[in-house]
Amino acid sequence: MAAARPFRACSCFFSANLFVRRCGLHVRYRHREQLLSDYGTALRERGCGSPEVLEAVVREIEAEVQRRKQLIHQSAERKAIIASRYKRKHPEVYVLQDSFLAPEFLEIVSYCTSPDAHLDGLLRYTESFSDKRIYRLPVFTEEFCRAFVEELENFEQSDMPKGRPNSMNNYGVLLNEIGMDENFITPLREKYLRPITALLYPDLGGACLDSHKAFVVKYALHEDLDLSSHYDNAEVTLNVSLGKDFTEGSLYFGDFRQDPSPMPSYIEVEHVGTQGLLHRGGQIHGALPIASGERWNLIVWMRASAIRNRLCPMCNQKPELVEAEGFGDGFTESAEDDVPETVDLCSLW
């Protein structure tokens, strides 16, 4: 058996797809002149066109670039401290068990691993939304979600160092840093989710999702209330509503990023506790503000190196690989002939 290739990141991570919170805008940044040339009009339309505000925007972007360059080292330091000092409240939730999973979810997985499984059969088990290839399915039990959120709250209230889930969310937990990757998220992806995504997203490498980034985000009053439109650094995303009690805050979905329309159509999808949404990572989406309460969501960005090795989804170019820790951004140094054949599902979109 050939040795597994180490995972890499694309160098564009340090300058592409930066989110300017004060303007609600995603940008790619190389230098100040390029920023003003590419995004000057959009910045002015969002009230960010004055010299003072533009200077503040540039400082914000450059600070984010520097933060990203330090991420790998800082994340490894946090992970080591947490492993040696953090006292877990529910240690059992760190190892995936069938009892954590909804019986309906296990039935779906059983069907997808059967010899006669096909897409139409799978769709009878899921709820589909519009023509955007968004699917809802049960994932966890209520008991597990309750214990998981209690564990997350225990970590949140501890004095352990904490990293931001991503550049858009300020509140949440990076699951690899608290030790949930190897024995929870990886088997969830490999054993349970991949048979499902193989049928739903064969053209996106659904059968060969070989890495992930997993985190939990928290929305609450006086913290993060919503999430602006964006797309994920993933081929396929799983978003599971863990609880707790909240009102409003639905997700909304627009066009696929590679197929924008002049008049984009949006659909709203409500959160349902213990249930998950599967969608293409490139589907433009966001979260509306919650009106009350508190919501925790598990997000798993699943990646297929055989797909993204050809084209980075964030810079739309052949990836320029740099070293990374763990799964990196899901790239590997692989040959072109590693890319699997895909199935034309245009008639199903």
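Guide: Rings of Phe, Tyr and Trp (its six-membered ring) pair if their centres lie within 6.5 Å; planes under 30 degrees apart count as stacked, over 60 as edge-to-face, the rest as tilted. Ring pairs link F100, F140, F144, F148 and F184 into a cluster. This is a predicted model: local features need pLDDT of at least 70, side-chain atom pairs count only at pLDDT 80 or more, and totals for chains, interfaces and linings use all residues. Residues are numbered from 1 along each chain as its sequence is written, and side-chain values use heavy atoms, with hydrogens and water left out.

Visitor: How many aromatic pairs does a search of the whole structure find?
Guide: The search finds 13.

Visitor: Why is the pair of F7 and F327 called edge-to-face?
Guide: The planes of F7 and F327 stand at 80 degrees, with the centres 5.3 Å apart. An angle over 60 counts as edge-to-face.

Visitor: Why does F7 count as buried?
Guide: Buried means under 20% relative accessible area, exposed over 50%, partly exposed in between (1.4 Å probe, protein chains only). F7 has 15%, so F7 is buried. F327 has 22%, so F327 is partly exposed.

Visitor: What makes the pair of F140 and F184 tilted?
Guide: The planes of F140 and F184 are 40 degrees apart, and the centres 6.3 Å.
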